[in-house]
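Reader: I would like to learn how to read the features of a model such as this one, taking the general idea and then the particular case.

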Amino acid sequence: MGTTETTIYHAVIFASLVIGILLTYFFIVVIHSQKVNVGLRKKNVLEEIAGLEKERARIGADFHDELSPLLSTVKTRINFFQLTNAEDLAERQQANDHIEEVIKRMRQISFNLMPNTLLRDGLIKALEEYVEFLNRVHRIRFTFTATEECMLEESKAVNVYRIMQEVIHNAIKHSKASEISIEIRDKKNAIDIRVCDNGCGFNYKKKLAEKTGIGLGSINNRVMITGGKMFVDSRPQKGTTYIFKIPT
Amino acid sequence: MFLKVIFSAFSIFIAGIIGLIRFRKINKMYWPMIFVVWLACINEIISFCLFKNNLSTAINNNIYVLMEAMVLLFLFRNFGIFNRRKWLFWTVCGGLAALWLWENFIGGKIWCISSWFRIVSSFIIVLTSIDAISKLMVFGSQEFLIIRGRSLFANAAFLICIGTIIFFTFKLLVEIFWFYGLNGSEIFRVKLYDILTYINLLVNLIYALAVLWAPPKQRYTMLSFSPHW
């Protein structure tokens, strides 16, 4: 190479090096920002969900511990009246039935808000109880199979329980399924959850993009904060299968 | 060609006039940007007068590049780029000032163009601009006092960063070529300056938009946000 070519060559090398450093720095900054962004989003969702759970637990406890005993007292006091008239007796029986219905409904709401079994006996027992309840009140046939132990910390267990509630609620509301099966397997360092229904299915990507309901978004957020993964297989008229992998 | 260069150089006056009108309304955080624009306006006038009298513009340009780099670094400090590393800001400013002094008074002469300073300062400004854009993407309106819901192209901080990245990256390349003595070829020099003219015009218009959309002063500050309480 001649002198001029050598100079141009060196100038180009130097310029490329500088541009290379700037581009590398740019990519590092973009990756770092992305990490910070994800962290912030996770923190926000976590705080939001923690607040929501706390509030649910408080409302559930208020229902269970304050209103239910109060209604039971009202019922007892009504029954103290010495009534002889047949019409009054019938009226009292009707009032008793209504109070009984209100207490029952309040227990259901309180159970949905924060099942005591979940905190006391863990996720598997709580889901068993939930499925039992669903089988009682719905025409759909629910089946539940699970391994004996499920080593999940309390906050993760609450999130998994909420995910299950949301998935089952979606299936009941939209799928027109006649059978829904829930399967939980405790694997090494993770639990696998599979929820299948034989309903009409849906287009997952389309539904998620539409952002019409908060259901799928809420499931995604809860899966994200547990550090897990979610897979959805759904085709029109072929049912829906949700698979969750939650690290223990 | 001459008219094109003059038009491009004096396009900074659009931003300068907008800055003059809006100065009292703009949040103090963005004042360094106005100072940079005014410095550029003054430098263009001085350069034009010197050029008309067939005198070298190297001295005023050497002083201008030092002031421009310092004020831009102050702007980026206001954006919170050096929040976690306050020492870095003073180290960079001190380092650049030392380099400028060495290049203009010890290693070289002030009436010659100081290439090293231009290369290093341009490089640092591009790096800090990249940092500022990333911060803007993460923390958005909170730290940059940008009005929520506005498009990114009506975002003063974003426009400033884009402007500085475009201008100083090209300037960096040109300075590297000059450093290697490639300005010996007149055709090459004219062609590069031709590109620089268009880039300068584009960046001056971006700066004008940035000054126009710079956020206004906060009317009041909530107690919990004030660091002095």
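This is a predicted model: local features need pLDDT of at least 70, side-chain atom pairs count only at pLDDT 80 or more; totals for chains, interfaces and linings use all residues.

Reader: How many helices and strands does chain A have?

Author: Helices (H or I, at least four residues) and strands (E, at least two) are DSSP runs, numbered from the N terminus. Chain A has seven helices and five strands, and along its sequence these follow the pattern α-α-α-α-β-α-β-β-α-α-β-β. Of its 248 residues, 18% count as buried, a residue being buried if 20 or more other C-beta atoms, placed from the backbone, lie within 10 Å of its own.

Reader: In what order do the five strands of the sheet in chain A lie?

Author: Strands of a sheet pair through backbone hydrogen bonds, either parallel or antiparallel. Here two strands count as paired if DSSP finds at least two bridges between them. In chain A the order is S1-S2-S3-S5-S4, in an open sheet with mixed pairing, and the edge strands, each pairing on one side only, are S1 (141–146) and S4 (229–234). The twist averages 10° from one strand to the next. S4(A) and S5(A) (residues 240–247) pair in the antiparallel sense over six bridges, and A:Ser234 stands opposite A:Thr240 in S5(A).

Reader: Which helices of chain A lie across strands of this sheet?

Author: Axes are lines fitted to C-alpha atoms, for helices over the stretch in contact, and angles run from 0 to 180 degrees between N-to-C directions; contact between two residues requires their C-beta atoms, placed from the backbone, to lie within 7 Å. Helix H5(A) (residues 154–175) lies across S2, S3 and S5 of chain A, at about 175° to S5(A), whereas helix H7(A) (residues 215–226) lies across S4 and S5 of chain A, at about 145° to S4(A).

Reader: What span should H4(B) have?

Author: The expected span of a helix is 1.5 Å times one less than its number of residues. The 21 residues of H4(B) should therefore span 30 Å, and its end C-alpha atoms are 30 Å apart, which agrees. Buried residues of H4(B) include B:Asn62, B:Val65, B:Ala69 and B:Arg77, and the buried residues of this helix pack against H3, H5, H6 and H8 of chain B. Just after H4(B), B:Gly80 takes a positive phi of about 85°.

Reader: Which residues of the largest nonpolar core touch the most other members?

Author: A nonpolar core is a set of buried Ala, Val, Leu, Ile, Met, Phe, Trp, Tyr and Cys residues joined through C-beta atoms within 7 Å. The largest has 58 residues, of which B:Met33, B:Val37, B:Ala210 and B:Val211 touch the most other members. Its largest share, 14 residues, comes from H8(B). A second, separate core of 29 residues includes A:Tyr161 and A:Ile191.

Reader: How many residues of chain B are in contact with chain A?

Author: There are 16 residues of chain B in contact with 16 residues of chain A. On the chain B side, H6 (115–139) and H8 (156–179) each supply at least two residues, and the largest share, eight residues, comes from H6(B).

Note on methods. Residues are numbered from 1 along each chain as its sequence is written. Chains are lettered from A and ligands numbered from 1 in the order in which they are written. A residue is buried if 20 or more other C-beta atoms lie within 10 Å of its own, exposed if 12 or fewer, and partly exposed in between; C-beta atoms are placed from the backbone.
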